[in-house]
Amino acid sequence: MKVMYVANNPADADPLQIEREINDLQERLEISAGSEPIILRTYSALELDRFAQAISRAEPDVIHIAAHGEDGAIVFAHRDRADVRVSGKQLASLLSVLPRRPKLVVLNACSSNEMAKELAQHGGADFVIGTDAPISNSAARAMAAALYQSLANAASIKRAVKIAGVHLEILDDGAVSVHLHAA
């Protein structure tokens with residue numbers, strides 16, 4: 001399975017501790033005894049205008065976006081402006097022009113559930129994961145690590161999301177939940 005990890009932390013936003021999340025993911029994947037190897041490619045500060053091109057080259061099964069979420073959108077860095085907000089429908093349109101649709105999109109961002117619903121409804125991926133409230137850095141890291149470790153150990157997407165969701169709810173004291181949406 002090929003995972004494209006897109007880290008986006010605009011300069012004027014609160015830091016997301018993306019390096020720690022990448023290190024946690026790599027460590028978990030290295031110790032996983034599963035049958036499915038996961039190839040993790042990371043893209044740091046990937047600007048929106050290079051996003052589709054990078055996806056075309058990588059042809060990932062999973063696109064993981066670690067970014068800030070607000071007002072039903074993910075915030076991407078952009079070289080000509082401070083940031084760009086991309087809705088689920090807009091992201092689905094962007095993904096629809098690619099030669100291959102990803103199996104899973106993980107929106108590891110605050111309050112990304114509405115965007116995840118839109119993305120799934122408009123055919124952006126077979127499955128989309130989002131959260132229903134603000135999420136702490138530590139809970140976001142733990143959720144991602146649990147998700148990919150479960151997938152590496154041959155869990156179904158549905159089961160992996162449930163396991164990841166338990167980690168998230170424990171670390172954020174039940175204030176946030178993860179949701180899986182199917183196309």
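How many helices and how many strands does the protein have?

Modeller: The model is predicted, with local features needing pLDDT of at least 70, side-chain atom pairs counting only at pLDDT 80 or more, and totals for chains, interfaces and linings using all residues. Numbering starts from 1 along each chain as its sequence is written, and side-chain values use heavy atoms, with hydrogens and water left out.

The protein has six helices and nine strands; these are DSSP runs numbered from the N terminus, H or I over at least four residues for helices and E over at least two for strands. Of the 183 residues, 50% are buried (under 20% relative accessible area; exposed is over 50%, partly exposed in between; 1.4 Å probe, protein chains only). Of the contacts (heavy atoms within 4.5 Å) between residues at least 6 apart in sequence, 70% link residues at least 24 apart.

Now the sheet. It is open, has six strands in the order β2-β1-β3-β7-β8-β9, and its pairing is mixed (two strands pair if DSSP finds at least two bridges between them). Its edges are β2 (39-44) and β9 (178-182), each of which pairs on one side only. From one strand to the next, the twist averages 15 degrees. Strand β1 (residues 2-7) runs parallel to β2 and is joined to it by six bridges; A7 has S44 in β2 as its bridge partner.

Two helices pack on this sheet. Helix α5 (residues 137-152) touches β1, β3 (62-66), β7 (104-108), β8 (127-131) and β9, and its direction makes about 160 degrees with that of β7 (axes are lines fitted to C-alpha atoms, for helices over the stretch in contact; angles run from 0 to 180 degrees between N-to-C directions). Helix α6 (residues 157-171) touches β7, β8 and β9, and makes about 160 degrees with the direction of β9.

I63 belongs to β3 and is buried, with a relative accessible area of 1%. Neighbours within four places in sequence aside, I63 contacts M4, F51, I55, L95, P102, L104, V105 and V106. From T131 to V106, 25 residues apart along the chain, the C-alpha separation is 9.6 Å.

F51 and I55, both contacts of I63, are among the buried residues of helix α2 (residues 48-58), which are F51, A52, A54, I55 and A58. Those residues fall within an arc of 165 degrees seen down the axis of α2, so they line one face of the helix (the arc is that of the directions from the helix axis to the C-beta atoms). Their cover includes β1, β2, β3, β5 (73-78) and α3 (88-96). After α2 comes E59, with a positive phi near 45 degrees; E59 lies in the loop between α2 and β3 and is partly exposed, with a relative accessible area of 39%.

α3 in turn meets helix α4 (residues 113-121): their axes come within 7 Å and cross at roughly 40 degrees. The two helices are therefore oblique to each other (under 35 degrees is roughly parallel, over 145 roughly antiparallel, 65 to 115 roughly perpendicular, the rest oblique). The crossing is right-handed, a term for the near helix being turned clockwise from the far one by less than a right angle, anticlockwise being left-handed. On the α3 side G88, K89, L91, A92 and L95 take part, and on the α4 side M115, E118 and L119.

In α4 the buried residues are N113, M115, A116, L119 and A120. Viewed down the α4 axis they fall within an arc of 155 degrees, so they too line one face of the helix. Just after α4, G123 has a positive phi of about 75 degrees.
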